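Please keep the sequence and the structure in view while reading.

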Amino acid sequence: MSEHRIAVTVNGERFEREVESRVNLADFLRHELGLKGTHVGCEHGVCGACTVLVDGASTRSCLMLAAQADGRSVETIEGVAPADGPLHPIQAALHAHHGLQCGYCTPGVVMTLLELQREQGSAPITEAAIREALSGNLCRCTGYQGMVDAALSVIGTDAKTERT
């Protein structure tokens, strides 16, 4: 099996490792770096549980090889809020609006909403746009309404109106 030397920045910390060609990014994060928050669900890129941000863009880490992350920046759920600090507003809103239940899909949902928040900046976002963004994240527990309500409270049109 061929190996590649990679240098990747994960949650602001640089790592250099030898990786086998066939190792995907999700397995690299979980097994090599010990970041267990990135969940592996379907392993086909459908469920969104393994969503991380690579250079700021949501990426299915089960479909990306670790070698493809060489020289890039990866953000995982562990980097969203400090372990000993307050939750990120998106995480807090998901808690407050019952937008999580078993928690398996939650890391991917948070990363998806974080990307959406960054992309939209200060512009208001509609419920339809939030639902479209979340359409790539499968959840069997919540029914999505709590997730949508949480997102609306932080990055939605209602949140922007309340701030002005």
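**Helix packing and a buried arginine**

In this predicted model, helix α2 (residues 89-96) packs with helix α5 (residues 145-155) at an angle of about 135°, and their axes lie 8 Å apart. Angles over 145 degrees would count as roughly antiparallel and those from 65 to 115 as roughly perpendicular, so α2 is oblique to α5.

**α2 and α5**

- The crossing of α2 and α5 is right-handed.
- On the α2 side, P89, I90, A93 and L94 take part in the contact, and they meet M147, A150, S153 and V154 of α5.

**α2 and α3**

- Helix α2 also packs with helix α3 (residues 106-120), here at an angle of about 125° and with the two axes 10 Å apart, which means that α2 is oblique to α3.
- The crossing of α2 and α3 is right-handed.
- From α2, the residues I90, Q91 and L94 meet T106, V109, V110, L113, L114 and Q117 in α3.
- Among the α2 residues, I90 and L94 are listed both in the contact with α5 and in the contact with α3.

**R60 in strand β4**

- R60 belongs to strand β4, which covers residues 57-60.
- Although R60 is buried, it has no salt bridge, and the nearest side chain of opposite charge, that of E115, is 7.6 Å away.
- When its neighbours within four places in sequence are left aside, R60 is in contact with G45, V46, G48, C50, T51 and G136.

Technical notes: Residues numbered from 1 in each chain as written. Predicted model: local features only at pLDDT ≥ 70, side-chain atom pairs only at ≥ 80, totals over all residues. Heavy atoms only, no water. Helix = DSSP H or I, 4+ residues; strand = E, 2+ residues; numbered from the N terminus. Buried < 20%, exposed > 50% of the residue type's maximum accessible area, 1.4 Å probe, protein only. Lys, Arg positive; Asp, Glu negative; His and termini not counted. Salt bridge = Lys/Arg side-chain N within 4 Å of Asp/Glu carboxyl O. Contact = heavy atoms within 4.5 Å. Axes fitted to C-alpha atoms, helices over the stretch in contact; angles between N-to-C directions. Parallel < 35°, antiparallel > 145°, perpendicular 65-115°, else oblique. Left-handed = near helix turned anticlockwise from the far one by under 90°.
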